[in-house]
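Here is a short briefing on how the side chains of this protein pack together. Have the structure open as you read, and start with the rings.

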Amino acid sequence: MGRLVRIFSRKDPQGNVLLYQYKKNTDGSFTQTRKDKPTRDFKIFNEKQQMISHVFFDNIQNVKTEWYYFYNEHGDLKTQQEMMYKKEGEKWVPISKDGTTKTYRYVYDQQNNWISMETTYNGKPFELEKRTISYLE
């Protein structure tokens, strides 16, 4: 299905291999988990193979981080939201009430490729990236 299942690096002295497993969900999305080490981390992708959420557990700090991704009509990332939780007893409690949000706004050329991307972080300007695209005639 064109999905990454294994990564091997010759530069790694231990010869570590990263293995991924996929599970198709009933709504057409799929879940990716790492199988080369015991972890509860996972990513969920929509039917267009765009990542829509990522859950990461820091077992040392006992913190769970959840990222959610939203896309515009061009398939470009529109909003990224992050929430962090700390385990208290058997419940996960938000560390901050609102979390963090990155928002992306684009300017597109006539070929529908973005040539300017403005990023805001919690509503404040964060980054502006511009690019020039040359097309063959």
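Across the whole structure, a search turns up six aromatic pairs; rings of Phe, Tyr and Trp (its six-membered ring) pair if their centres lie within 6.5 Å, with planes under 30 degrees apart called stacked, over 60 edge-to-face and the rest tilted. This is a predicted model, where local features need pLDDT of at least 70 and side-chain atom pairs count only at pLDDT 80 or more, while totals for chains, interfaces and linings use all residues. Residues are numbered from 1 along each chain as its sequence is written, and side-chain values use heavy atoms, leaving out hydrogens and water.

**Aromatic pairs**

- Phe30 and Phe45 are stacked, with 5.1 Å from centre to centre and 10° between the planes.
- This pair links distant parts of the chain, as Phe30 is in strand β3 (residues 30–34) and Phe45, 15 residues apart from it, is in strand β4 (residues 42–45); strands (E, at least two residues) are DSSP runs, numbered from the N terminus.
- Both Phe30 and Phe45 are buried, where buried means under 20% relative accessible area, exposed over 50% and partly exposed in between (1.4 Å probe, protein chains only).
- Tyr106 and Tyr108 make a tilted pair, because their ring centres are 5.8 Å apart and their planes are at 35°.
- Tyr106 counts as buried at 16% relative accessibility, whereas Tyr108, at 21%, counts as partly exposed.
- Ring pairs also join Tyr22, Phe30 and Phe45 into a cluster.

**Charges over rings**

- The charged end of Arg40 sits over the ring of Phe57, 4.0 Å from its centre; this calls for NZ of Lys or CZ of Arg within 6 Å of the ring centre and within 35 degrees of the ring normal.
- Arg131 has its charged end over the ring of Trp114, 3.9 Å from the centre of that ring.

**The largest nonpolar core**

- Seven residues make up the largest nonpolar core: Trp67, Tyr69, Leu77, Tyr104, Tyr106, Trp114 and Met117.
- Two or more residues of this core come from each of β6 (63–71), β9 (100–108) and β10 (114–121).
- Such a core is a set of buried Ala, Val, Leu, Ile, Met, Phe, Trp, Tyr and Cys residues joined through side-chain atoms within 4.5 Å.
- Not counting residues up to four places away in sequence, Leu77 touches Tyr69, Phe70, Tyr71, Tyr104 and Tyr106 (contact means heavy atoms within 4.5 Å).

**A buried asparagine**

- Asn72 lies in the loop between β6 and β7 (77–88) and counts as buried at 15% relative accessibility.
- Leaving aside residues up to four places away in sequence, Asn72 touches Lys78, Tyr106 and Tyr108.

Conventions
Helices (H or I, at least four residues) and strands (E, at least two) are DSSP runs, numbered from the N terminus.
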